[in-house]
Amino acid sequence: GRPRTPTPTPAPKPTTGHPVAPAAPALTGRRKGVGVWTFDGVSQALANSGASWYYTWDVAHPGVTSPKGSEFVPMIWGAKSVTATNLQQARKNGRYLLGFNEPDMTGQAQLTVEQALQLWPQLQSTGLTLGSPAVAWGGDRPGEWLDRFMTGAKQRGYRVDFIALHWYGGDFTTANAVNQLRSYLRAVHDRYQLPIWLTEFALIDFSDGVRFPTQAQQAAFLTAATKMLGGLSWLHRYAWFGLPATDKDQSGLFRTGDTATAVGRAYQAAR
């Protein structure tokens, strides 16, 4: 979804200390994460990326070895994922739990607000720090899916510890894209006054099919966006979409375990 036209505001300087660079050339920042699905060399790519956390849209990470200093975060993807086994796995595998994936989208978790609220106490019961369902769009708008969910959760006394959001930019001009992203995040934060995790983001235009920017445009956006995100004290974590790079996944960071794309190199340098 497209956030409304932003008013650029200068980001405050980040207050975090200097990250210590690991043996790999990548820099690790505590906020820096990535969405991961398996491919040849996935564990090596994850280690080389410098991500301090990652997730797999699932409660476990089969086929992916967590690198030293990188934290796995489980997710309960949709209604069918809410099982005793999955909830137990999530508890065992993480300190945080991500809620449903794009419940407002056909072909994704596709849940009504009412269905999500009925299932929510089971996610709460894990005792993990719990993120809201991550809507595909409209997180800042009154009456849209997230707003109705948060209202319902409040009425029922349910717990939501942070807001998870997705954002894809269809304007490939770096300054415009960064301003639009900042504006969207600020609007959501102003609305709910909770920490935010940006769990999927990249430049991809979904308005008419799927259109990607050039590698140089994507890399420039990643560099500028992560710098901006570092200045938002309430933006606790972000995850790029995603780790694997293929002809289909053009925003991806790694072609093989040790072959970073131009976007991947920008991610390695990001704090």
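Modeller: Gln-215, Gln-218, Ala-219, Leu-222 and Thr-223 in helix 6 meet Ala-262, Val-263, Ala-266 and Tyr-267 in helix 7, where contact means heavy atoms within 4.5 Å. Helices here are DSSP runs (H or I, at least four residues), and strands are runs of E of at least two, both numbered from the N terminus. The residues of this contact divide into six nonpolar, three polar and no charged; Ala, Val, Leu, Ile, Met, Phe, Trp, Tyr, Cys and Pro count as nonpolar, Asp, Glu, Lys and Arg as charged, and the others, Gly among them, as polar. The model is predicted, with local features needing pLDDT of at least 70 and side-chain atom pairs counting only at pLDDT 80 or more, while totals for chains, interfaces and linings use all residues. Residues are numbered from 1 along each chain as its sequence is written, and side-chain values use heavy atoms, leaving out hydrogens and water.

Biologist: At what angle do helix 6 and helix 7 pack?

Modeller: Two packed helices are described by the angle between their axes and the distance between the axes. Axes are lines fitted to C-alpha atoms, for helices over the stretch in contact, and angles run from 0 to 180 degrees between N-to-C directions. Helix 6 (residues 215-229) and helix 7 (residues 262-269) pack at about 15 degrees, with their axes 8 Å apart. They are therefore roughly parallel, a term for angles under 35 degrees.

Biologist: Is Phe-72 buried or exposed?

Modeller: Phe-72, in strand 3 (residues 71-72), counts as buried because its relative accessibility is 4%, and buried means under 20% relative accessible area, exposed over 50%, partly exposed in between (1.4 Å probe, protein chains only).

Key. Angles under 35 degrees count as roughly parallel, over 145 as roughly antiparallel, 65 to 115 as roughly perpendicular and the rest as oblique.
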